[in-house]
Amino acid sequence: MTGEVKRKYIKIIGGGLVGIEIAYILARNGFVVHIFNHEQPLMCQMEKSLPFKKEMQEELSAWNSPTYLTAKRLGVNLENIDHDFVKIMENSLKSFPNVSFIDAEINELNLSELSLITTGNNTTKLLIDNLSKYIGENKVEYFHPAPLKLSYIDIKNLHHDHDDFYHVNLSEDEYMLLCDNLKRYRSVYDGSKLLNEISIEKRAENNSLRTFLRPIFNQGSKPYASIRLRKQDGDYILLDFYSALSDNEQAKLIGGISAFKGANISEFGKIYKRTYLHSSACLNKYLQVKNYHNLFVGGSFLGIGGVHENLLVANYLAFNLMNEAEGRNLQEYPENSCTKLIIEKLLQKSVLNHMLLSLNYDIIKKNDSLLFKSEAITEFKENYYGKYFQRNNHLRR
């Protein structure tokens, strides 16, 4: 168990959309907030059409969600949040005198401070290793590859397979040169675990690359290996050609393949590491790390997918962070709410896989009805603010 919390001061590790949402609520209620965030590229994903979007947005409105209300005012679609919108929220938050943005990575937790981890996909290895002292090995790691894309390939060098699928052929000399280069680049790349079983570098090192670049015989040709491609919006995506090498190294590889002479690389390949908590094993119903009441976790690091879902849970977290800071009893998620469904399902999952938890696709079937009552959220907030909640509400729209 941890020592005494510094009252009224809350530390947020990670300044993405969820961290900003929670900081906004805390700041409006007079708490001193320090946001530690090392600038990294924002990874935003477009969500699919949400069958329960209306219910979730009604609940976000009941929470007085700063992000939802700002997006609604600006006409921004929450299903496709971009970097510009996050910057708008961040700049607005910086106007609070009790909020500090600190451009630094936190790699070691100080559990005498009330802290929230909301680092999402940008959680550093050092922080995860430090967190493991308190949660053990209750986390899941996997690797998400983004393919290399080319444009302006000479059509004469392509063999059409079917639909939008093509391939190019490699001679034995070209294939061996490709493998030699991959092994050479691999020797100076620090990331052996990242490369395991997924990248062309690792496959070349294991002498198994030809298994994935197996030759395609066509019109009498007998290539030693073949690279498969799929045409998409004018670009050609290299299939099974995932790489974690630098952009310059990838450019050299492509330049050494005769069929790609004159082609442009429109997007370099990447392999992103994803780490999520096995939340059901290491968190309680308040989303605190078990046995460490000063440490809360939020955002997609929990294993929750979707902007709407993460904002709902963020509001629940914000109120209990305030409760913890003021020595009040923590409250369970509101009955008859989307928030309750999301958190309960999250804490029931015995195995967390790479498919993030989503209200629309994991919890409720499309033919089910969702019983949401706005008064459930109001009652939850009244328990924090007291019976004069409506009069003393600091959360401005």
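**From value to term**

Modeller: Let us begin with tyrosine 152, which is found in the loop between β6 (149-151) and β7 (159-162). Please keep in mind that this is a predicted model.

Biologist: Why is tyrosine 152 called exposed?

Modeller: Exposed requires over 50% relative accessible area. Tyrosine 152 has a relative accessibility of 63%, and therefore counts as exposed. Its phi is near 60°, a positive value in a residue other than glycine.

Biologist: Why is asparagine 323 called buried?

Modeller: Buried means under 20% relative accessible area. The value for asparagine 323 is 0%, so the residue is buried. Asparagine 323 lies in helix α12. Not counting residues up to four places away in sequence, asparagine 323 touches Arg328, Asn329, Leu330, Gln331 and Tyr384.

Biologist: How many of the residues of the protein count as buried?

Modeller: Of its 397 residues, 52% count as buried. The protein has 16 helices and 14 strands. In helix α3 (residues 66-74), the buried residues are Pro66, Thr67, Tyr68, Leu69, Thr70 and Ala71.

Biologist: Against which helices do the buried residues of α3 pack?

Modeller: They pack against α1 (17-28), α2 (53-63), α4 (83-93) and α12 (307-325).

Biologist: What makes a set of residues a nonpolar core?

Modeller: The largest nonpolar core has 75 residues, of which Ile22, Leu26, Leu93 and Leu287 touch the most other members. Helix α12 gives the most to this core, with 12 residues. Apart from it lies another core, of 29 residues, among them Leu148, Leu170, Leu213 and Leu253.

Biologist: What does leucine 93 contact, leaving aside its neighbours within four places in sequence?

Modeller: Leucine 93 is in contact with Ile20, Ala23, Tyr24, Ala27, Ile35, Val99 and Phe101.

Biologist: What makes a space a cavity?

Modeller: The structure holds one cavity of 30 Å³ or more. The largest cavity has a volume of about 40 Å³. Its lining consists of Glu174, Leu177, Leu178, Asn181, Lys252, Leu253, Gly256 and Ile257. Helix α6 supplies the largest share of this lining, four residues.

Biologist: How do the residues of the lining divide into nonpolar, polar and charged?

Modeller: Four are nonpolar, two are polar and two are charged. Gly counts among the polar residues, whereas Glu and Lys count as charged.

Biologist: How do you know how confident the predictor is?

Modeller: Confidence is expressed as pLDDT, from 0 to 100. The protein averages a pLDDT of 82, and 83% of the residues score at least 70. Over residues 1-6, however, pLDDT stays under 50. Over residues 387-397, pLDDT likewise stays under 50.

Key:
Residues are numbered from 1 along each chain as its sequence is written. This is a predicted model: local features need pLDDT of at least 70, side-chain atom pairs count only at pLDDT 80 or more; totals for chains, interfaces and linings use all residues. Side-chain values use heavy atoms; hydrogens and water are left out. Buried means under 20% relative accessible area, exposed over 50%, partly exposed in between (1.4 Å probe, protein chains only). Helices (H or I, at least four residues) and strands (E, at least two) are DSSP runs, numbered from the N terminus. Contact means heavy atoms within 4.5 Å. A nonpolar core is a set of buried Ala, Val, Leu, Ile, Met, Phe, Trp, Tyr and Cys residues joined through side-chain atoms within 4.5 Å. On a 1 Å grid over the protein atoms alone, a cavity is a set of points where a 1.4 Å probe fits but cannot get out, and a pocket is an open set with protein on both sides within 12 Å along at least five of seven lines; lining residues have an atom within 4 Å of a point. Grid points are joined across faces, edges and corners, and a volume is the space filled by probe spheres set on the points.
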